[in-house]
Amino acid sequence: FSLAEFLQDQLSQVGVTSDPQGRKRQEAIWELFTSECVYFLDRLIVLKEVFFVTLTNLQENNCLTDVDPWSLFANLKDLCLVSHSFLNSLLRVIKNMLSITQGGGPTLLELLSKVFQESICHCLEKYCLNYSSALLYLHNLMSREDFGSYVKWCERNEQCRRLQLRDLLVAPLQRLTRYPLLLRNIAKRCQVLEESRELQSIMLDAAVYPSCDLEGKVKWLDNYQKMKLLRDALVWLPVWERDKRAFIPESLKHLLKAVTLDNLIPHRSLLLEGKLVLSENTKLIDVYLFLFDEFLLITKIKRNKKRSVSSEQNHLRLQQNLELDQLLKEGCTFTVLDQPISLDRMQLKNIDQLNASTSGLPHSFIIMHHNRYQQCIGAFILQAASESAKREWMSKIEGAVAALLKLDSQQPRVKSSSLWLESSQI
């Protein structure tokens, strides 16, 4: 219903105001209510009654018993209860405002303040933090014939209105981003300044800030999953395999056993990753680069068909990293070439088109690795697939170097021990 249709349905025109600004305010509040109805009835209830309930019934009949409903739907039941309660309370407030009913109950400001600070945002945040994992879990399950049949059967239900499971799962995230706009729309049409300020306060405290904070948490979760994936896929060679001149008798290798490097990756931010070509002697070999906020890894792709991707790794694969995802599907690992290149020990050199044509290395650039005495201890000629891809890599690397040097000038990087400092501080 539009607001006018609702009033006509109620057989009452008492609440209609002749003041245009007042009418716009009523319509803004009505938009909040009707959009919440659409979200509740066409998204949450469909997700719950068609997909969640069907899965529960199947599991009661010993089908898909290994599928974890929480990993897919998280706190969907709580979202339904919170939204339903909000709709009932908001409708009572609207009827009181329009003089359709008389009675007590909270005012609009009291209701909005309570639901956004105590229930809606808290409940949505919990769901959204699980959303990234839910998509990964769904991606893993869709390769199964039995689960695929369940999803297709549910999606054919007329209540879905041609929406797929993925479309319904993302609805709470979309709703969270919509609330600030709806509240701002109401605040702009308030004639009482104090009421407008209170609404803006609710909007900022209960909608905008949590959503910004949530965005950061979701990014952190995605980065954590990426790092966990990379930690398992990276291969760190011992010194006697990296450098053939380092001959170590078998009986002494235990003395030089490499310290585990698992902790080098998880707490970093991955800025860019992708496949390039490395010019090595007279050969061109495929390499995969990982640009972190403090160092660069150049790795050789090792194809090992005997290696199988574990279910946990499968679960953690990120859909947006399609190239990396495909390599992992093929059973590839990534052997670190030489050593990590600290960004404060790196120099980047562009190869112009004339020199690139002469040397037969189009779209190429050079990465030089320096030691603490500014000696070049490694040079890598890398070739991108196109000029635009080359510019993107050079721009990202230069930006990461500048950001790290700026951070170091403000606060030197210190590890847990006061005796250990990063390379630029030695």
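Colleague: Where is the place of Leu 252?

Modeller: Leu 252 is in the loop between α10 (239-242) and β2 (270-280). Helices (H or I, at least four residues) and strands (E, at least two) are DSSP runs, numbered from the N terminus. This is a predicted model, where local features need pLDDT of at least 70, side-chain atom pairs count only at pLDDT 80 or more, and totals for chains, interfaces and linings use all residues. Residues are numbered from 1 along each chain as its sequence is written, and side-chain values use heavy atoms, with hydrogens and water left out.

Colleague: Is Leu 252 buried, exposed or partly exposed, and what is its relative accessible area?

Modeller: Buried means under 20% relative accessible area, exposed over 50%, and partly exposed in between (1.4 Å probe, protein chains only). Leu 252 has a relative accessible area of 39%, so the residue is partly exposed. Together with Val 239, Leu 255 and Leu 256, Leu 252 forms a nonpolar patch on the surface, with about 340 Å² of accessible area. Patches are made of residues with over 30% relative accessible area and no salt bridge; like charges are joined within 9 Å, nonpolar side chains (Val, Leu, Ile, Met, Phe, Trp, Tyr) within 5 Å. Accessible areas come from the Shrake-Rupley method with a 1.4 Å probe, and for residues only the protein chains shown count as cover.

Colleague: Which residues have the most contacts inside the largest nonpolar core?

Modeller: In soluble globular proteins, nonpolar side chains tend to be buried together. A nonpolar core is a set of buried Ala, Val, Leu, Ile, Met, Phe, Trp, Tyr and Cys residues joined through side-chain atoms within 4.5 Å. The largest one here has 66 residues, and Leu 47, Phe 51, Phe 73, Phe 147 and Tyr 150 have the most contacts inside it. Helix α5 gives the most to this core, with 17 residues. A second, separate core of 24 residues includes Val 287, Phe 365, Phe 380 and Leu 382.

Colleague: How many aromatic pairs does a search of the whole structure find?

Modeller: A pair of aromatic rings is described by the distance of the centres and the angle of the planes. Rings of Phe, Tyr and Trp (its six-membered ring) pair if their centres lie within 6.5 Å; planes under 30 degrees apart count as stacked, over 60 as edge-to-face and the rest as tilted. The search finds nine such pairs. Phe 116 and Tyr 179 are edge-to-face, at 5.0 Å centre to centre and 80 degrees between the planes. This pair links distant parts of the chain, with Phe 116 in helix α5 and Tyr 179 in helix α8, 63 residues apart.

Colleague: How many salt bridges does the count come to?

Modeller: Side chains of opposite charge can pair when their charged atoms come close. A salt bridge is a side-chain nitrogen of Lys or Arg within 4 Å of a carboxyl oxygen of Asp or Glu. The count is 11. In one of them, the closest N and O atoms of Glu 31 and Arg 178 are 3.3 Å apart. Glu 31 lies in helix α2 and Arg 178 in helix α8, 147 residues apart.

Colleague: Which residues are linked with Arg 144 in a network of salt bridges?

Modeller: Asp 66 and Asp 146 are linked with Arg 144 in that network. Between Asp 66 and Arg 144 the N to O distance is 2.7 Å. Arg 144 counts as partly exposed, because its relative accessibility is 24%.
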